[in-house]
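Dear colleague,

Please find below the structure that I am handing over to you. My findings follow directly after it, and I would ask you to read them with the structure open.

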Amino acid sequence: MKASGVLAAAAARVGPAIRKQVITITDEAASRVHHLLLQRQKPFLRLGVKARGCNGLSYTLNYADEKGKFDELVEEKGVRILVEPKALMHVIGTKMDFIDDKLRSEFVFINPNSQGQCGCGESFMTTSTSSSAKQSGK
């Protein structure tokens, strides 16, 4: 049997691959998202990125009634989060957390793609954004 036949046979035994989620959600974040969606009576929270801040990109969170054609759906721990297509390459592998202490109450994103953050933590830069800035002469 040729190597390609061996691989095909192995793939058939394993079955369809389980696809890893684009982002992961901590229990604290899931609980807060669930609370917010119930409060607003919305089925989805949409995660995106917007060009702003001193490091190029900032996270956006909005309520959504339906999944867009190219949105990536993340269903984890009883909540549904849509990731906007233009945000995908910037947030793959990100962990979404929620912090609630005496100083702040906010979602926090632990992003392995981040190449830097501004001092206040409101904006970040990925390899893609730094490459775009260099190409545009910034």
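Met96 has Phe109, a residue of β7, as its bridge partner. Please note that this is a predicted model. The strands concerned are β6, which covers residues 94-100, and β7; the two run antiparallel to each other and are joined over six bridges.

Both strands belong to an open sheet of three strands, in which the order is β1-β6-β7 and the pairing is mixed. Which strands form the edges of this sheet? They are β1 (23-25) and β7 (105-110), each of which pairs on one side only. Within the sheet, neighbouring strands are turned against each other by 25° on average, with direction ignored.

A helix also packs on this sheet: α2, made up of residues 27-40, touches β1, β6 and β7. The direction of α2 makes about 75° with that of β6.

Turning to the chain as a whole, there are four helices and nine strands. Along the sequence, they follow the pattern α-β-α-β-β-β-β-α-β-β-β-β-α.

Of the 138 residues in the chain, 33% are buried. The chain exposes about 9200 Å², and carbon and sulfur atoms supply 53% of that area. As for contacts with a separation of 6 or more, 51% of those in the chain are between residues 24 or more positions apart.

Yours sincerely,
A colleague

Conventions:
Residues are numbered from 1 along each chain as its sequence is written. This is a predicted model: local features need pLDDT of at least 70, side-chain atom pairs count only at pLDDT 80 or more; totals for chains, interfaces and linings use all residues. Side-chain values use heavy atoms; hydrogens and water are left out. Two strands pair if DSSP finds at least two bridges between them. Axes are lines fitted to C-alpha atoms, for helices over the stretch in contact, and angles run from 0 to 180 degrees between N-to-C directions. Contact means heavy atoms within 4.5 Å. Buried means under 20% relative accessible area, exposed over 50%, partly exposed in between (1.4 Å probe, protein chains only). Accessible areas come from the Shrake-Rupley method with a 1.4 Å probe; for residues, only the protein chains shown count as cover.
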